[in-house]
Amino acid sequence: MEQVRGRETELVLLTRLLRRPQGRFAVLCGAGGLGKTTLAAQLAAQAEETGWAVFWVRWRDTVDLAQQLTQVAVACGLPAVDLESARAGQTSLPGVIWQQLESSRRWLVVLDNVDEPQAVGPGNEQVAHYRGWIRPHGGGLLLVTSRDTSTQTWGPRAELLRLEPLAVPEAGQVLLDAAPRAGTSEQARELAARLGGLPLALHAAGAYLATATSRYRTFDQYRQALDAELPTLLGAQHPDASDPDVARTVVRHTWEVSLDQLTAEGNSLARPMLRMLALLAQAPIPLSLLTPGLLAAVTGEAVTVVGVEVAFAGLHRYGLLSLPEPATALEVAQEDSSQVVLHPLVREISALALTSEATDLALWHRALTDRLTEAVHDVAGAGRPGWPTARLLAPHLSLLLDQSSEALAAARDTAATLADVLADAGAYATQHALHQQLLDTQSRLLGPEHPDTLDSRNNLAIVLQWTGAYAQAVDLHRQVFEDRTRILGPDHPDTLVSRSNLAHALREMGEYAEAVDLHRQTLEDLTRILGPDHPHTRTSRNNLELVLVASRRPGRRRGRRMNRRNAPPMNSG
C-alpha cells in the first residue's frame with residue numbers, strides 16, 4: 001500500500017484508539033478531497049498486519065448497512081439464535097449486533113463515507129443518542145469517515161479528527177512519490193502549494209504527470225497550465241461525474257456532492273453563498289459582508305438572517321469554509337472581526353461552476369460590488385469598531401476596481417474612503433496594498449499620465465513615507481513632481497503639492513538642503529500666485545521654517561503625517 005504522507009499525528013491517535021477505545025469511536029471528518037478514506041485504509045492495513053479483524057463497510061443506505069453490520073457481528077461470533085430472534089422482531093437488531101461487538105475484542109470496523117449521518121438510523125434515530133447503528137460501546141474500534149464535522153452530529157463519545165490540507169513539504173512529497181521524474185523537490189513543492197495541499201488534487205496531478213501520453217510532463221509545466229486549463233486538468237469533463245460515487249473522486253466535482261446534500265437537507269442558500277464567496281479574493285472574508293439582501297438579489301428568493309446563518313453553518317459543517325480562530329482577546333471582543341476562509345481550489349472551482357451554470361454573472365457582480373461599496377461606507381461611519389472589518393474588506397476591492405474606465409471613478413472614491421479608514425486604524429501595510437492595487441488598475445485603464453493616475457501615485461508615495469520607506473517615497477514623489485510639472489505646468493496646484501510632498505520626504509531622510517530649496521521655491525511661487533497673506537502662503541512659510549529648524553538639529557527627524565488626498569501644499573506637512 002502507498003505511504004500516506006503528512007498524517008502521522010492522526011495515525012498515531014487512531015492507533016491508540018484502536019488499542020484502547022475506552023467507550024469511544026473515531027470520526028475522520030473534513031471536506032471532500034482531504035484523504036479521509038485513504039487514511040482509514042492505512043490504519044486498516046496496519047491493524048490487519050498486527051492481527052486485528054478488519055471489516056470495511058461502505059455506507060449506501062440503512063438496509064445495506066444493516067446487512068453489512070450483521071455480517072460483521074456474525075464474523076465476530078454472533079449466535080444464530082440471537083440473530084433469528086432479532087429478525088423475528090423479538091429483539092432490536094442494532095442492539096443484538098452491538099451487544100456482540102461489545103463482547104468481542106481486536107476488531108476494526110471502518111464505516112466509510114457517512115456523509116448523511118441523519119439518514120443512518122434506523123428510523124429517525126439520531127447518531128448522537130447512540131441507540132442506532134453507530135455506537136461507542138464496542139470492544140474494538142468503530143472508525144467513521146464523513147464530511148460532517150459537527151460535534152453535535154456525532155455526540156460526546158466521538159473522537160473527531162478533522163483533516164486539513166497537507167503542509168507544503170509533505171504535499172510536495174506526494175507528487176514526487178507519484179511522478180519522481182517530473183522535476184525537483186522545490187518544483188514539486190511549488191505545484192503542491194498551487195494545489196493548496198489537497199490530497200485529491202495532488203493524486204490527480206501525480207497520476208496525470210506519470211502518464212506517458214500527457215501533454216505536460218513536469219511539475220512546472222503542469223503548474224503553469226493550471227491557470228488556463230484548471231477545469232480540464234482536474235477532471236471537469238469526467239464522463240461519469242453525475243454519479244455521486246464517481247464525483248467524490250474527481251476534484252472538479254467532489255464539493256458538489258456536499259452541496260447536493262445540503263440542498264437535500266433544505267439548505268437552499270448554501271450553494272449560492274459558496275458561489276458568492278468564490279467571486280471574492282483569496283483572503284479572509286468578513287461574515288458581515290454576506291447579507292440577506294445580497295443573497296436575495298442573486299437568488300430572487302426572500303432571504304432572512306436566520307437563512308444566512310444556516311447556510312454559513314452548513315458550509316462549515318461540511319468543511320467547505322473554515323472559521324479562523326481569533327488571534328487576540330481584542331478580536332474575540334470585536335464581532336466585526338468574524339471571518340471565513342475558502343480553500344484556494346474550492347474558491348477557484350466554485351467560481352468556474354458559477355460561470356458554467358448559465359447564471360447572469362453581470363447580476364452577481366453588480367450585486368456584490370454594490371454590497372462592497374455599502375460595506376466600505378458602513379465601516380467609514382463606524383469609527384474604531386469598524387477597523388477590523390476594514391482590514392478584511394481591503395483585499396476584496398479588486399472586484400470593484402476591475403471595472404471599465406467609466407466605472408472606475410466611483411470605485412476610486414470607495415477605495416480612497418477605505419484607505420482613509422485603514423490609515424486611522426494604523427493598518428499602513430494594508431493601505432499600501434490597496435493604493436498599489438488602485439494605481440495598477442488606473443495605469444492599465446487610464447494610462448500612466450492621467451491626472452487620476454498621478455493622484456494615486458502621489459497617495460502611494462505618502463503611504464510609503466508613513467511606513468518609513470523614505471527612499472522609495474522620495475523616488476515616487478520626485479517622479480510625480482516631474483510628471484505633473486511636465487503635464488500640468490509648474491504653477492498648477494497639484495504640481496505645488498508634489499513639490500511640497502517631495503520636500504517633506506527629503507526632510508525625513510535628512511536631506512535638508514534640497515528640502516529647504518524646494519520649500520523656498522514653493523513659498524516664492526505661492527507668494528507670486530496668491531499673495532503674501534493668503535492662508536496657503538502662510539502655511540508654506542511655516543513649512544519652510546520647520547525644515548530650517550530641523551536642519552539645525554540633523555540627528556532628529558520629525559515623522560509627521562501628510563495629507564491622505566491631494567490638497568494644497570500648506571496642508572501636506
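Predicted model: local features only at pLDDT ≥ 70, side-chain atom pairs only at ≥ 80, totals over all residues.
## Overall form

The protein contains 27 helices and seven strands. Its radius of gyration is 31 Å, whereas a compact globule of 573 residues would have a value near 25 Å. Along the principal axes, the C-alpha atoms occupy a box of roughly 110 × 55 × 50 Å.

Buried residues make up 51% of the 573 residues in the protein. The accessible surface is about 25,300 Å², and carbon and sulfur atoms account for 51% of that surface. Taking contacts between residues at least 6 apart in sequence, 69% join residues at least 24 apart.

## Salt bridges

The structure has 30 salt bridges. One of them joins the side chains of Asp177 and Arg5, with an N to O distance of 2.7 Å. This pair connects distant parts of the chain: Asp177 belongs to helix 7 (residues 168–178), while Arg5 sits in the segment before helix 1 (8–19), and the two are 172 residues apart. Asp177 is partly exposed, at 38% relative accessibility, and Arg5 is also partly exposed, at 22%.

A salt bridge also forms between the side chains of Arg215 and Glu229, at 2.6 Å from N to O. Arg215 is in the loop between helix 9 (199–209) and helix 10 (219–233), Glu229 is in helix 10, and 14 residues separate the pair in the chain. Glu229 counts as buried because its relative accessible area is 19%, under the 20% limit.

Asp491 and Arg528 make a further salt bridge, in which the closest N and O atoms are 3.0 Å apart. Here Asp491 comes from the loop between helix 24 (470–488) and helix 25 (493–509), and Arg528 comes from helix 26 (residues 512–530), 37 residues apart. Asp491 is partly exposed, with a relative accessible area of 36%, whereas Arg528 is exposed, with 51%. Elsewhere, Glu256, Asp260, Arg271 and Arg275 are connected in a network of salt bridges.

## Helix 9 and its cover

Helix 9 is mostly covered, with eight of its 11 residues buried. The buried residues are Pro199, Leu200, Ala201, Leu202, Ala205, Gly206, Tyr208 and Leu209.

Several other helices contribute to the cover over these residues. They include helix 7, helix 8 (185–194), helix 10, helix 12 (251–264) and helix 17 (344–356). Helix 7 is the helix that holds Asp177, and helix 10 is the helix that holds Glu229.

Ala411 is part of helix 21 (residues 408–424). Its relative accessibility is 5%, so Ala411 counts as buried. Beyond its neighbours within four places in sequence, Ala411 makes contact with Leu400 and Leu401. The C-alpha atoms of Ala411 and Thr369 are 9.1 Å apart in space, although the two residues are 42 apart in sequence.

Gln442 lies in helix 22 (residues 428–445). With 1% relative accessibility, Gln442 is buried. Apart from neighbours within four places in sequence, its contacts are Leu408, Arg412, Gly447, Asp452, Thr453 and Ser456.

## Backbone features

Most residues other than glycine have a negative phi, and most peptide bonds are trans. The following sites depart from that pattern.

The peptide bond between Gly121 and Pro122 is cis, with omega about 5°. Pro122 is located in the loop between strand 3 (107–112) and strand 4 (141–146).

Gln22 has a positive phi, near 50°. Gln22 is placed in the loop between helix 1 and strand 1 (25–29), and it is exposed at 54% relative accessibility. Arg106 also has a positive phi, near 55°. The loop that holds Arg106 runs between helix 5 (93–103) and strand 3, and Arg106 is partly exposed, with a relative accessible area of 41%.

Conventions
Residues numbered from 1 in each chain as written. Heavy atoms only, no water. Helix = DSSP H or I, 4+ residues; strand = E, 2+ residues; numbered from the N terminus. Rg over C-alpha atoms; globule rule 2.2 N^0.38 Å. Buried < 20%, exposed > 50% of the residue type's maximum accessible area, 1.4 Å probe, protein only. Contact = heavy atoms within 4.5 Å. Areas by Shrake-Rupley, 256 points an atom, 1.4 Å probe, with all protein chains shown as cover. Salt bridge = Lys/Arg side-chain N within 4 Å of Asp/Glu carboxyl O.
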